[in-house]
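Here is a friendly note to read with the model open beside you. Take the points one at a time, and find each residue on screen as you go.

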Amino acid sequence: LLELYQHMAQQDPFEEWAVNYAITFEVSPPSWENRPPQKKPATAVPAEVAADADTFPLAGEMYSAGSDAFRQLVDFATGREQVLIDCSDLKRMDFVSAGLFLNTLTNLQITGCSVTIHNPNQLIYALFGVLGINQVAHVERRKF
């Protein structure tokens, strides 16, 4: 079924079944692979482009912690007591990037900054739960 969703380019059902696969078989599910091999790195949208200046958006795909989005997040959070992170356009995040994200959020929590994460997709939400990101930030599940 996962391969079928992959060939049909239906990423949302693929990710829902990938979570079920991981829970059922207790192993990592196959990764989504875009048909065009080009992968866009995760980016932080500048505050002037964002709909809400108090929200830090993450978008794209985060692989091997190669993005400077977390440094931008720390800069964004400087001087704030509350930070909202919008993950609506974040497609995927690998384990290494998620670990770096956890470290970044933990450091923000130590400095007294409260973090809320909005709208991660099902796969990212499950990853955040496994890593314990939901213990250092409030994660609001995407509503369908």
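1. **How much is buried.** Of the 144 residues in the chain, 40% are buried; that word stands for under 20% relative accessible area, with exposed for over 50% and partly exposed for what lies in between (1.4 Å probe, protein chains only). The accessible surface of the chain is about 8600 Å², and carbon and sulfur atoms hold 53% of that surface. Such areas come from the Shrake-Rupley method with a 1.4 Å probe, and for residues only the protein chains shown count as cover.

2. **What you are looking at.** This is a predicted model, in which local features need pLDDT of at least 70 and side-chain atom pairs count only at pLDDT 80 or more, while totals for chains, interfaces and linings use all residues. Residues are numbered from 1 along each chain as its sequence is written, and side-chain values use heavy atoms, leaving out hydrogens and water.

3. pLDDT is the predictor's confidence in each residue, on a scale from 0 to 100. Its mean over the chain is 82, and 84% of the residues reach 70 or more. Confidence is highest in strand β4 (residues 114-118), with a mean of 94, and lowest in strand β1 (residues 43-44), with a mean of 50. Two stretches call for care: pLDDT stays under 50 over residues 36-40 and also over residues 45-51. Where pLDDT is low, the predicted coordinates should not be read in detail.

4. **The order of the elements.** The chain has five helices and five strands. Helices (H or I, at least four residues) and strands (E, at least two) are DSSP runs, numbered from the N terminus. Read from that end, the elements run α-α-β-β-α-β-α-β-α-β. Contact means heavy atoms within 4.5 Å; among contacts between residues at least 6 apart in sequence, 61% join residues at least 24 apart.

5. **One salt bridge.** Which side chains meet in a salt bridge? They are those of Glu15 and Arg92, at 3.8 Å from N to O, and the structure holds one such bridge. The term means a side-chain nitrogen of Lys or Arg within 4 Å of a carboxyl oxygen of Asp or Glu. Glu15 counts as buried because its relative accessibility is 2%, and Arg92 counts as buried at 11%.

6. **Phe70 in helix α3.** Phe70 belongs to helix α3 (residues 69-77) and is buried at 5% relative accessibility. Leaving out residues up to four places away in sequence, Phe70 touches Met62, Met93, Ser97, Leu100, Phe101 and Thr104. Phe70 and Ser97 are 27 residues apart in sequence, and their C-alpha atoms are 9.4 Å apart.

7. **Helix α5 and its ends.** In helix α5 (residues 122-131), the buried residues are Gln122, Leu123, Ile124, Leu127 and Phe128. These pack against α2, β3, α4 (95-110), β4 and β5 (138-140). After α5 comes Gly132, with a positive phi near 90°.

8. **Two positive phi values.** Most residues other than glycine have a negative phi. Glu26 has a positive phi of about 55°; Glu26 lies in the loop between α2 and β1 and is exposed at 71% relative accessible area. Asn119 also has a positive phi, near 55°; its place is the loop between β4 and α5, and Asn119 is partly exposed at 27%.
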